[in-house]
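User: Could you take a close look at one helix for me, and then at the ring contacts elsewhere in the chain? I'd like to know what faces in and what faces out.

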Amino acid sequence: MRILVVEDERRLATLLRRVLLEERHTVDLALDGEKGLLLATSGTYDMVILDVMLPDVDGIEICHQMRNQGVMSPVLMLTARGAVEDRVRGLNSGADDYLTKPFAMEELLARINALLRRRDRPLEMETQLCVGDLKLDLVRHEAQRAGHIIELTAKEFALLEYLMRHPGQVLTRTQIIDAVWSYDSEALSNVVDIYIHYLRDKIDRGFSRSLIKTVRSVGYKIEG
């Protein structure tokens, strides 16, 4: 999983990064609110660990902006405050859980795992995905746009499903390879570009609006 840690206490941020790397997560750090806001709203993370008290932009505002921009990655808030009203503000801004400092790393990891399980559980129950006028039937293995059936290969279907499970989120080529090609050693970033081209020919060509967007130097996203 790719996790963003937004924490201005450098020692704690470094410790969190080391612990998460040992758990085989990919970790990015932001040591201030301005950088944290930029990264958190990019939609490229599976989870965000977010300190409330930050310079420039506080954690409440970062979480609020994430949700306003459609970024639904789970958010675990870290706070040195123990007041109920502060925890309520965090949860009302869109956070999924909170942890009061100081905390044990074992509890942090348990909360992360619980949030990731909770995030994945609804996806397993879905039978249809929709983005705009594009529908993907996961049971019949069928794609339709504006009522027109679209023939897809197995790999095209898997790529489209991954994009549609993260609507509005920018997905990097590495994330796409990991999810769709399962670390296939022959799958390079240009393979992603080729299959995105295949999908565009099938689901965007001939329609007035393109659903698949290129985010320069980052990756791709799908949005209605």
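Analyst: Helices (H or I, at least four residues) and strands (E, at least two) are DSSP runs, numbered from the N terminus. This is a predicted model, where local features need pLDDT of at least 70, side-chain atom pairs count only at pLDDT 80 or more, and totals for chains, interfaces and linings use all residues. Residues are numbered from 1 along each chain as its sequence is written, and side-chain values use heavy atoms, with hydrogens and water left out.

Now for α2, residues 33-40: Gly 33, Gly 36 and Ala 40 are its buried residues. Down the helix axis they fall within an arc of 60 degrees (taken from the directions from the axis to the C-beta atoms), so they line one face of α2. Glu 34 and Leu 38, on the other side, are exposed. The cover over the buried residues includes β1 (2-6), β2 (26-30) and α3 (59-68), with contact meaning heavy atoms within 4.5 Å. At the start of α2, a side-chain oxygen of Asp 32 comes to within 3.1 Å of the backbone nitrogen of Glu 34.

On to the rings. The charged end of Arg 145 sits over the ring of Phe 207, 4.4 Å from its centre; that label needs NZ of Lys or CZ of Arg within 6 Å of the ring centre and within 35 degrees of the ring normal. Over in α8 (residues 189-203), Tyr 195 and Tyr 198 lie three residues apart, about one turn of the helix. Tyr 195 is partly exposed at 23%, and Tyr 198 is partly exposed at 36%.

Note on methods. Buried < 20%, exposed > 50% of the residue type's maximum accessible area, 1.4 Å probe, protein only. Polar contact = N/O pair within 3.5 Å; in protein donor to acceptor, adjacent residues only side chain to side chain.
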